[in-house]
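Subject: Structure for your review

Dear colleague,

Please find below the structure I am handing over to you. My findings follow it.

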Amino acid sequence: MENYQDLPLDLFEKAEVNLDEKEHIAKPSLTAFQDGWIRLKKNKAAVVSLFILILIFLFAVFGPIFSSYDYAKTDYHHTFQLPSREHIFGTDQFGRDQFARIWYGTRISLLIAFAAACLDIFVGVTYGAVSALAGGKVDAVMQRIIEILVGIPSLIIIILLMMVMPAGIGTIIIAMSITGWVNMARLVRAQILKLKSQEFVLAARILGTNSRKIILKHLIPNTMGVIVINTMFTIPSAIFTEAFLSFIGIGLSEPRASLGVLINNGYQVLHNFPHLLIYPAIVIVLIMVCFSILGDGLRDALDPRMRK
Amino acid sequence: MPDKQPLVSVNNLKKYFNVGKNLTLKAVDDVTFDIYPGETLGLVGESGCGKSTLGRTLIRLYHATDGEIWYDGMNLTKDLTSRESFQFTRRAQMIFQDPYASLNQRMKVMDIIAEGIDAHHLAADKKEREEMVVELLQTVGLQREHANRYPHEFSGGQRQRIGIARALAVNPDFVIADEPISALDVSIQAQIVNLLQDLQEKRGLTYLFIAHDLSMIKHISDRVGVMYLGSLVELTTADELFTNSLHPYTQALLSAIPLADPNLEKSRKRIVLQGSLPSPINLGSGCRFASRCPQMMEICKEVSPELIEVSPAHFVACHLADR
């Protein structure tokens, strides 16, 4: 059609724009948690990791109950048994059932990791938040303290502490937490410093909202993502540190078991009975890898910038 | 309007920031003006000239270095009791520039708008709170069901309206709009400006409207102040400013507005300023605009001009107008 003015007018009709329609949002209303879950579900690796972790967790809690053997009960007639119907994972040098010991050890390792992570969150979030909110000289002094702590190799602090304090689970948790909270404190401080000057916090101040409410309703909820993700990376590193300490012989002592103790035992008889090393090693590898993948997935799912 | 009592009166206000050893950034330096009840005072100037700092100092987000701010007979620059400053939060509110940063991502629109209602305990129970929020939503052209949404589900214009509803929740008399439209599309800008004007008519609001868009300022303001490097260089009614500007900086700004008529646009002459904005750190004496002024004189380098009333309600700070 060359001349558009010749078009018959009755071909056109006036478009009606409904003002209400214009403001309508088609997407269903979701909470931040639902939204994060939907996006986490799209990440197959993270979902599989979550599933494996839940499985390991259930075994750690209930596994020893289902086993007819006690983790500490020795049986010198059946030492170094290979995996069989009687003993699914075999027995160790004292004839203790390896299946019961692995899940007991996993339980202890997870307990240590979760306790250390909780202490990290508690100390780190408080320290970081106070540092960011106080600002000025208080902030400067608190940051110098952190830098000093970072400057000393944490392994030295941990080993020294373990020598001074009585051996046990409590000592390991405290020794790891003494330096472990530093990362959390730094992340929380950075996040709150960023949030503190954002317009929605200024708006809250102008509206007369008190400081307690600003911290609880604005600052903490917006720091949650950072806290969750950092915890996801703290837990495997705590498990690994504990295993390492037990492996070099300054962690838990017999007959108690942790994954590190089991690996140390298995390592000594690696040539003849590799199954004593392989099973606890598989469990620790699964825990580490799954936590890392889940942490990555959560970071993507919780980050509002990744929102489509 | 000068016969009326001003609502906000700013006298020789200064706001300096320490930016290092012996370095001060004079963000707002010796600014004096009044805002009368029911009017819109526009504030223009290029980026970094201290417009937003001035707005934030007025609303007590920053502590003034020197000078006085009087709000309806109350001196805001002396230390207020916590009760006084809490009550002030019901009288003056602010609308922010960035509609993405000014709403908390983790809160529902209901709770965002109700923040002022909660802080001042304006609603007796949950139901009344909800009714107040819905009424505010409808005032700004949104709907009841939007209350249960999160901010990220809204467009920029919708978010800005949520921000306006939040500010209106405490029923303020005075609203500082800190570049409320500069982050929005042009079509949405008109919508927001019209909404602000409607609200002013219905609720008798007084605005301090900060912007750098001159055409928009002309449209919304009764009077306009022009800022350059932390000081006010010209202050007059919008009509007077656009027809009879006296300060060379204002003239240069106005010459940059494109004209709608293509024939007039062809003959429009732009005054292009030489150089760039000097750093506001450790300025010397003399007129701040001297380094870029096309009509610079000897006196400009030594003496800083005062803001004087050259004709009724027309203030200008320039030695040219002095004579």
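A residue counts as buried when its relative accessible area is under 20%, and as partly exposed between that value and 50%. The model is predicted, and W103(A), with a relative accessible area of 8%, is therefore buried.

**Aromatic rings**

Over all chains, the count comes to eleven aromatic pairs. In one of them, the ring centres of F59(A) and W103(A) lie 4.8 Å apart with the planes at 15°, so this pair is stacked. F59(A) is partly exposed, at 37% relative accessibility.

W103(A) also pairs with F99(A): here the centres are 6.3 Å apart and the planes stand at 80°, which means an edge-to-face pair. Both residues lie in helix α4 of chain A, four residues apart, about one turn of the helix. F99(A) is buried, with a relative accessible area of 14%.

**Helix packing**

The axes of helix α9 (residues 211-247) and helix α11 (residues 275-302), both of chain A, come within 9 Å and cross at roughly 170°. Because angles over 145 degrees count as roughly antiparallel, α9(A) is roughly antiparallel to α11(A). Residues making the contact include V228(A), M232(A) and F240(A) of α9(A), and I287(A), F291(A) and L298(A) of α11(A). The contact comprises 16 nonpolar, three polar and two charged residues.

With kind regards

Notes. Residues are numbered from 1 along each chain as its sequence is written. Chains are lettered from A and ligands numbered from 1 in the order in which they are written. This is a predicted model: local features need pLDDT of at least 70, side-chain atom pairs count only at pLDDT 80 or more; totals for chains, interfaces and linings use all residues. Side-chain values use heavy atoms; hydrogens and water are left out. Axes are lines fitted to C-alpha atoms, for helices over the stretch in contact, and angles run from 0 to 180 degrees between N-to-C directions. Helices (H or I, at least four residues) and strands (E, at least two) are DSSP runs, numbered from the N terminus. Angles under 35 degrees count as roughly parallel, over 145 as roughly antiparallel, 65 to 115 as roughly perpendicular and the rest as oblique. Contact means heavy atoms within 4.5 Å. Ala, Val, Leu, Ile, Met, Phe, Trp, Tyr, Cys and Pro count as nonpolar, Asp, Glu, Lys and Arg as charged, and the others, Gly among them, as polar. Rings of Phe, Tyr and Trp (its six-membered ring) pair if their centres lie within 6.5 Å; planes under 30 degrees apart count as stacked, over 60 as edge-to-face and the rest as tilted. Buried means under 20% relative accessible area, exposed over 50%, partly exposed in between (1.4 Å probe, protein chains only).
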